[in-house]
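Please look over the structure shown here before reading the briefing that follows.

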Amino acid sequence: MKRTLALITCALTLAFVGGTTLISAENGQKVGKATVRAVKGNVTWQVNGGPLQKLRVNQTLDPGATVITGPDSHADLSVNGVSSVVRISPDSKIQLDKMNYWGTMREGDRETYLHLQGGEVLGNVKKISGNSRYEIETPHGVAGIRGTDFQITINIKPDGSFAVTFTSVTGQVIVSAIVSGSTVTHILQTGQSWTPGDGDVRAATTASLVVAQQIIDVLNRDLGGNLTLPPPPGVKPPFDTGGEPHPSANTTSGSTTSGTTGGDTGGTVE
C-alpha cells in the first residue's frame, strides 16, 4: 500500500506544471491547524481511533484528527491557513493527515494532505505557491489541487469495492490512480470528471456541477473571502465550547447570522 501511494505521489509531482521543487523540512516549518467554521447536524471528531467528540464551531483541529458527519449533516473547515475551505458532506469521513506551513498563516509555502475515507468533500483552494502541496488521498487515487474548486465523491459498490469520482468544478485538478497495475494520471479541466477504472475523463453532469458550484459559492462568500485567524492564546473566542455566541460577540456578518439557527451551529446559515 505504501509503495502504491509512493508511485501515485511521484506521478502527481511530475504532473505539476513548472517543475516545482518539494518543500524541505527545514527553515522554519510550523504545524498548521484546521478551524471549524460551520457545523450542521450530527458531526463528530476523533484522534487515532479515540473516543468520538462533538465538533463545534470555532474549534481548531490538529493534524491526525478525523471528522465524521452523520446523515443530513455537514461541516465547513478552513484547512492549514485561510486560503483553503472545504465542506465535508453528509455521511462522510475525512482525516487531516498533515498540515505544515512556512512563513505566515496567510502567505508562504504549505503542505496539506487530507485522506477522504468515505463520502464526499467539496472545496476551494486559492492559488498556492509553486513549492506548496495540497493533496487528497482516497481509497482509489490521489488528487493534487492547485487553485481549484473541486468535488471528490466515494461510492461503495455492491461487491464492497470503491468507486471514486474526481471532479474539477472550476480550475485544474491533477489525479493519479493505479488502474490494472499501472499508474494513470489525468489533468482535469473545468467541468471534467474521472472515475479510475471506469473509462476515460468525461464531462460531469450539468446538474451535479450546478449543485457543487452553489455549495462552493457559499464557502467562498461566507468563509473564503472573509476568514479570520483563531484568537491568540488567552483571548476568548467569539464562540465558546458550546457553540453559542459569546455575549460580547457580534454574531451578524452581512446577510448571514451566526449562532444556532435551523440546525446550524454558528458559521454559515443556508
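Strand β6 (residues 65–69) pairs with β9 in the antiparallel sense over three bridges, where two strands count as paired if DSSP finds at least two bridges between them, and Ile68 of this pairing stands opposite Lys93 in β9. Strands here, like helices, are DSSP runs numbered from the N terminus (E, at least two residues, for strands; H or I, at least four, for helices). This is a predicted model, in which local features need pLDDT of at least 70 and side-chain atom pairs count only at pLDDT 80 or more, while totals for chains, interfaces and linings use all residues. Residues are numbered from 1 along each chain as its sequence is written, and side-chain values use heavy atoms, with hydrogens and water left out.

**Other partners of β9**

- Strand β1 (residues 30–31) also pairs with strand β9 (residues 93–101), in the antiparallel sense and over two bridges, and Lys30 stands opposite Tyr101 in β9.
- β9 and β10 run antiparallel and are joined by eight bridges, with Leu116 in β10 as the bridge partner of Ile94.

**Strand β11**

- Six of the six residues of strand β11 (residues 133–138) are buried, so this strand is largely enclosed by the rest of the structure; buried means under 20% relative accessible area, exposed over 50%, and partly exposed in between, with a 1.4 Å probe and protein chains only.
- Arg133, Glu135 and Glu137 point one way from β11, while Tyr134, Ile136 and Thr138 point the other way, and all are buried.
- With β10, strand β11 pairs in the parallel sense over five bridges, and Tyr113 stands opposite Glu135 in β11.
- On the pairing with strand β12 (residues 141–145), four bridges join the two strands, which run antiparallel; Glu135 stands opposite Gly144 in β12, and a hairpin joins β11 to β12 through two residues.

**Nonpolar cores**

- The largest nonpolar core has 37 residues, and those with the most contacts inside it include Leu55, Leu61, Val67 and Tyr134; such a core is a set of buried Ala, Val, Leu, Ile, Met, Phe, Trp, Tyr and Cys residues joined through side-chain atoms within 4.5 Å.
- Strand β10 (residues 110–125) supplies the largest share of this core, four residues.
- Apart from this core lies another, of five residues, among them Leu122, Ala212, Ile215 and Ile216.
- Not counting residues up to four places away in sequence, Val67 is in contact (heavy atoms within 4.5 Å) with residues including Trp45, Leu77, Ile88 and Ile94.

**Salt bridges and a polar contact**

- The count comes to two salt bridges, each being a side-chain nitrogen of Lys or Arg within 4 Å of a carboxyl oxygen of Asp or Glu.
- Asp76 is buried, with a relative accessible area of 0%, and Arg87 is buried, with a relative accessible area of 4%.
- Ser176, found in strand β15 (residues 173–179), is buried with a relative accessible area of 0%, and the side chains of Ser176 and Thr185 are joined by a polar contact of 2.5 Å.

Terms used:
A polar contact is a pair of N or O atoms within 3.5 Å; within protein, one must be able to donate a hydrogen and the other to accept it, and residues adjacent in sequence count only if both atoms are side-chain atoms.
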